[in-house]
Amino acid sequence: MLDVALLRDHPDDVRRLLERRAIADVDLDELIVLDEERRRVRAKAEHLRSEQKTLGSQVPDLEGKARDEAIGRASQLASDVKQGLADADELDDRFQAIWVPLPNRVHDEVPDGKTEEDNLELKKVGEPPVFDFEAKDHLELAEATGIIDVERGAKVSGSRFAYLQGRAVLMEFALVRWAFDRLSAEGFIPVVPPVLVREQALFGTGFFPSDSDQVYEVAADDLFLVGTSEVALAAMHGDEIFSSDELPVRYAGFSTCFRREAGAAGKDTRGIFRVHQFDKVEMFSFCDPDRSWEEHEFILAREEALVQELGLPYRVVDVCVGDLGASAARKYDIEAWFPSQERYREITSCSNTTDYQARRLKVRFKDEAGNNHLVHTLNGTAVAVGRLLVAIMENFQQSDGTVRVPDALVPYAGFESF
RNA sequence: GGAGAGGUGGCCGAGCGGACGAAGGCGCUCGCCUGCUAAGCGAGUAGGGGGUGUUAAACCUCCUCGAGGGUUCAAAUCCCUCCCUCUCCGCCA
């Protein structure tokens, strides 16, 4: 959610935002008038309530006729106040219905564009592997060794579900453990958060209302399955106030992630590249607003360090405005090379959501002077297990159809190929 | 799932129609005192909305005692709904 002060003090900034985000259905001038109106009506009602309270507090000291008169007048005031506040609430609702869904402000350097095709490549590291044999895709490799079973996944749960077996499972836990080791060394606290959350957590992180069609709902209990542990990590400190000297607070959360992939029909249907359920280690940071852009680079650097240690060829892209989520002010994706697709595809993503989530979740910190401010929140993928397994398999495959384990993972996996 | 108890400020805890945004204690901050430490003394110490005003403030006002409704001139206190926590039983990894 945006700061309402922005609308009042810098309406042109809001206008620019609407243009950049290509939002055409919001009438800014009307919104400004609505904001003024709701404040005026509320101030009036509150003034009446002030009178009512003053009068009411005098009642116990009065007797007889004076008392009856006071109660009579206070009674009238009480009903006026009630009506006034109801009017103000209604105006608030109308205002919030427009204001709250507005997406976050966008960093000036974010490239223009509509789709991921318009993302700007910032750097390219490593070279795509050259094979002196017929390279296979991850599913061929995995089915040959029996470590991924999508057919039974489909039989039991439907399309985009799979079984991991044997060394694929050990690779998963090797990846996770390795990532936790690296991130712990950088001050990230390992967390296993809940994967079922209340609506408030999804709203607070900006996934609701805009992306609600991507979320699985457990209707009987009014809970939702998270698509990323970011949701539970961000909401963890909702309604809390940090002291400034404890920032940044950094977490590395491991969770299973659930995504409906609505609208992705026919896209990435082969293997486990895009599935409804996968495991992920996610970095999350609560930090001082003055250094959130520095923190953003820091998180990207952690992602790069991990990908580099594995030895995957990759590139970094600056995600264009049209491909940016509602809450992100800027987002970098790391895309690894996928030989079977002959292109770079997303394996990590890190966003600075500035104060957008913090405002909805009410996560603040107290500065030295004792004043409270919103923190900035950031998130970034450390290890998206399924997709990283695919990348490793395809890039490290050998002529005999097995896969070489990246050196960094060998001590964690306990074997050198699978 | 069944039975019971309870949710008050950073924490503990009192209050059970008006004098309560809330006694008392702990913690914390600042000051005083004590030639160390400890103790003692004094002051301060919740969050949010709106307004006037500077943008460093300052002031006024409203809301918040789990959440939301209701009764009343007046609600932490009474009523309703929901949420959460704890204990015992059942079930269970």
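**View 1. Helix 3 at RNA strand B.** In this predicted model, helix 3 (28–58) supplies 8 residues to the surface near RNA strand B, the most of any element. Here "near" means that a heavy atom of the residue lies within 4 Å of the strand, while helices (H or I, at least four residues) and strands (E, at least two) are DSSP runs numbered from the N terminus. A polar side-chain atom of S50 sits 3.2 Å from a sugar or linking oxygen of RNA strand B, and one from Q52 sits 3.2 Å from a phosphate oxygen. At G56 it's a backbone N or O atom, 2.9 Å from a base nitrogen of RNA strand B. Besides helix 3, the elements giving two or more residues to this surface are helix 4 (64–99) and strand 14 (363–366).

**View 2. The whole surroundings of RNA strand B.** By class, 10 are charged (Asp, Glu, Lys, Arg), 7 nonpolar (Ala, Val, Leu, Ile, Met, Phe, Trp, Tyr, Cys, Pro) and 6 polar (the others, Gly among them). On the RNA side, sugar or phosphate accounts for 76% of the atoms within 4 Å of the protein, and bases for the rest.

**View 3. Strand 14 and its two neighbours.** In a regular strand, side chains alternate between the two faces of the sheet. Strand 14 has V363 and F365 on its covered face, with R364 and K366 on the uncovered one. Strand 8 (residues 240–243) pairs with strand 14 in the parallel sense over 4 bridges; pairing takes at least two DSSP bridges between the strands. Look for I241, whose bridge partner in strand 14 is R364. Strand 15 (residues 372–374) runs antiparallel to strand 14, joined to it by 3 bridges, and its N372 stands opposite K366. The hairpin of strand 14 and strand 15 has 5 residues between the strands, and G370 there takes a positive phi near 90°.

View 4. The order is 5-7-6, with antiparallel pairing. Strand 5 (196–197) and strand 6 (216–218) are at the edges with a single partner strand each, so one side of each has no neighbour in the sheet. Strand 5 pairs with strand 7 (residues 223–225) over 2 bridges, and V197 has F224 as its bridge partner.

**Notes for all views.** Residues are numbered from 1 along each chain as its sequence is written, and chains are lettered from A and ligands numbered from 1 in the order written. Local features need pLDDT of at least 70 and side-chain atom pairs pLDDT 80 or more, totals for chains, interfaces and linings use all residues, and side-chain values use heavy atoms, leaving out hydrogens and water.

Definitions and conventions. A polar contact is a pair of N or O atoms within 3.5 Å; within protein, one must be able to donate a hydrogen and the other to accept it, and residues adjacent in sequence count only if both atoms are side-chain atoms. Buried means under 20% relative accessible area, exposed over 50%, partly exposed in between (1.4 Å probe, protein chains only).
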